[in-house]
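User: I am new to reading structures. Please take me through one part of this model closely, in short steps.

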Amino acid sequence: MIDLGRYAGTVLAAYGVSLLLLVGLIWHSVAANARARRNLERHKTDA
Amino acid sequence: MSLWEYANPAKFMRTTDRVLPWLVVSAAICVTGGLVWGFLTPDDYRQGSTVKIVFLHVPAALMAINIWVMMLVASLIWIIRRHHVSALAAKAAAPIGAVMTLIALITGAIWGQPMWGTWWEWDPRLTSFLILFLFYVGYIALWSAIEDPDSAADLTGVVCLVGSVFALLSRYAVLFWNQGLHQGASLSVQSGERMAATYRHPLYLSMIGFGLLFLALVVIRTRTEIRKRRLAALQAQEARA
Amino acid sequence: MSLLTVHDLSVARGGLRAVEGVSFSLNPGQALILKGPNGIGKTTLLRTIAGLQVPVAGTVAMAEDAVAYAAHSDGLKSSLTARENLTFWAQVFGGDGIEAALAAMDLAALADRPAGALSAGQKRRLGLARLIVSGRPLWVLDEPTVSLDAASVRRFAQVVGTHLGQGGAALMATHIDLGLPDAQMLDLTPFRARPGPVARPSGFNEAFA
Amino acid sequence: MIALLLRDLRLATRAGGGFGLGVAFFLILSALVPFGIGPDRGALAPVAPGILWVGALLSCLLSLDRIFALDHEDGSLDLLATAPMPLEGTVAVKALAHWITTGLPLILAAPVFAILLQLPTRAMPMLILSLLIGTPALSMLGAFGAAVTVGLRRGGLLLSLLVLPLYIPTLIFGAEITRRGAESLPVTTPLVFLGGVTLLVLALIPFAAAAALRVNLR
């Protein structure tokens, strides 16, 4: 394990928050895309 | 075949269907590679381990600006050539840009805490990013407020144009307002002391990764918008018939 | 020389073509009444001819600043008097004859009342009096007789007749018979836009359908 | 064009026109700030230029949605769009009317409120000058925001969200001029910048606002 020294909290917080935001954005993008695809396909099978 | 044919929704869907997997894989490799490599770099003699934040902060800040520029170009293409996919791509890019701006702001604040001794400093660069974030928020809010997609595309396009002028204007106004204690641009060639290669190479990889990540996300989100529009269009046609 | 020539006009509403391939022309002294079921696009067509909307395809040819447009709302300010409202529109459009217009629509006695104190029918009459003071030859009217009683409708028909007699023209969408002697009719039903792929989409709903 | 200007001024001063609301809001703001900061002259005087400029900004914002919304509701906007006057001119005239009914009273009232906030007397000329140069840009940018949001339900909040970031350069330079006036420093540089921003706004924004109006009239 690498030693982050006395700034460990700072570095980990920066990485933590950023990755959280990125994962949230990716998750939202993928989920919305899947939802849009499902809605469109449901509409096609109904029609 | 002309480049403009990619602006056809069906063509866009077909093309991105093939490109997207490669984009996703390469973005994942570059982002993970850049960040892990960056995390393993030795500490800086002045900044200690906080130097590792640069691999998030700088690529995010770079993308925050570039995404706005991409939205401006996409809006111009929509306004001048009326390519519908272009307007939707601008809409799809905005939330990504907002998140990138937020990452740049938050990592900047966290970084600044041990360096400057305060969480928030009204430093010109941080302030400019805060203003940029406000523009992103206004742009996204306008898209979601207008029901008619044609009006929404036109109005957000005009707002993006005017916003670009004022974002630039605000940047210079803020420089005038406070000269700031932010360090110079980390990679700028003019500033005599260049960043050591130990940091530069993972940073480049991280920047490429963020760029690819943006491309992958904007393609996915544009596809989402196209599907939503297609559903709405089919429903509108049935309501009319 | 015709006042208005419409050639192969297509108009869109909500990102979908409403009517397409409409052609007609209006000469001085002519009136044309548009017919068609609700939602076919009469209002959209009239707004396009008035220049408020861009046509999807086709041309609208007429002299510059020829149109006086009147639709569901009359553009009246409730805190101004009837005469002040009319004077304002006369100034904006560069016309005159305010007293004559008030008299023609039987509003002379109400001229100094605030428009907010007028009844719906009186407001409508004031809105139509605006057409007279605009001094424009081509009247584009969307349901002009809404909230008018029978006497006011006859009076309005007279005003339109006078306008035609002076070399003007009128294009209107209306459901009731105004009793204009030689008004032509145009039924928009055959021009209803056909669904299907289009070369140049009119809006998002066609581009993605 | 003059007819439109006169009508808008007359409408603003008649019943229900909302004339003077902006100044009243400005007064309340200037009266409330000392309650938040404390009555100490030493604490109030340094923040007075900023408070006065932010106050002017917010008071201006208050009446922006009326610029086009009322004319849109009663159909006047459709008729103005078919009038011989170009829509860009209509936008400019309506922004001018907004400035006369909102900006001008603010400028006239500002010295009084400046006294409430303990702004040094020597800063008064610069306060008035900066407001005189800056507030026309506020009205014009506001007209742009109003044109973009004119057809929207609940457009008011969105209008603030769109317009306030556009006010940043004007606010920075305007407050800076006043601050320098209070400290008897040279003001030429911010004055030139403020004038430049206003000129840019007056030259470009009418076209953007007219384009937005045309979209909303479709």
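How many residues does the contact take from chain B and from chain D? After that, please look closely at chain C.

Analyst: This is a predicted model. The contact takes 23 residues from chain B and 21 residues from chain D. On the side of chain B that touches chain D, two elements give two or more residues: α4 (124-145) and α5 (149-177) of chain B. The largest share comes from α5(B), with 14 residues. This side of chain B divides into 19 nonpolar residues, three polar and one charged.

Chain B also touches chain A. That contact takes 28 residues from chain B and 25 residues from chain A. Here α3 (84-116) and α6 (197-240) of chain B each supply at least two residues to the side of chain B. This side divides into 15 nonpolar, six polar and seven charged residues.

Now to chain C. Its secondary structure comes to six helices and eight strands. From the N terminus on, the elements run β-β-β-α-β-β-α-α-α-β-α-β-β-α. Along its principal axes, the C-alpha trace spans about 55 × 35 × 30 Å. Of the 209 residues of chain C, 47% count as buried. Take the contacts in chain C between residues at least 6 apart in sequence: 74% of them join residues at least 24 apart.

Start with the open sheet of five strands. Its order in chain C is β5-β6-β7-β3-β8, and the pairing is parallel. The edge strands are β5 (67-70) and β8 (184-187) of chain C, each of which pairs on one side only. On average, neighbouring strands of this sheet are turned by 15 degrees against each other, direction ignored. Look inside the sheet next. Strand β3 (residues 31-35) and strand β7 (residues 169-173) of chain C pair in the parallel sense over four bridges. C:Leu34 stands opposite C:Ala173 in β7(C).

Helices pack here too. Helix α4 (residues 120-134) of chain C packs on the sheet and touches β5 and β6 (138-142) of chain C. The direction of this α4 makes about 175 degrees with that of β5(C). Helix α5 (residues 150-165) of chain C lies across β3, β6 and β7 of chain C. This α5 runs at about 140 degrees to β7(C).

Chain C also has an open sheet of three strands. Its order is β2-β1-β4, with antiparallel pairing. At the edges stand β2 (16-26) and β4 (57-62) of chain C, each with a single partner strand, so one side of each is left without a neighbour in the sheet. Neighbouring strands of this sheet are turned by 25 degrees against each other on average, direction ignored. Five bridges join strand β1 (residues 4-13) of chain C to β4(C), and the two run antiparallel. C:Leu4 stands opposite C:Met62 in β4(C). Helix α1 (residues 42-49) of chain C packs on this sheet, touching β1, β2 and β4 of chain C.

Last, the nonpolar core. The largest one has 223 residues, and those that touch the most other members are C:Ala129, D:Leu52, D:Phe144, D:Ala147 and D:Ala212. The largest share of this core, 17 residues, comes from α3(B). D:Ala212 touches residues of chains B and D, including B:Leu155, B:Val158 and D:Phe144.

Terms used. Residues numbered from 1 in each chain as written. Chains lettered and ligands numbered in written order. Predicted model: local features only at pLDDT ≥ 70, side-chain atom pairs only at ≥ 80, totals over all residues. Pairing = 2+ DSSP bridges. Axes fitted to C-alpha atoms, helices over the stretch in contact; angles between N-to-C directions. Contact = placed C-beta atoms within 7 Å. Nonpolar A, V, L, I, M, F, W, Y, C, P; charged D, E, K, R; others polar. Core = buried A, V, L, I, M, F, W, Y, C linked by C-beta atoms within 7 Å. Buried ≥ 20, exposed ≤ 12 C-beta atoms within 10 Å, placed from the backbone. Lists of a residue's contacts leave out its neighbours within four places in sequence.
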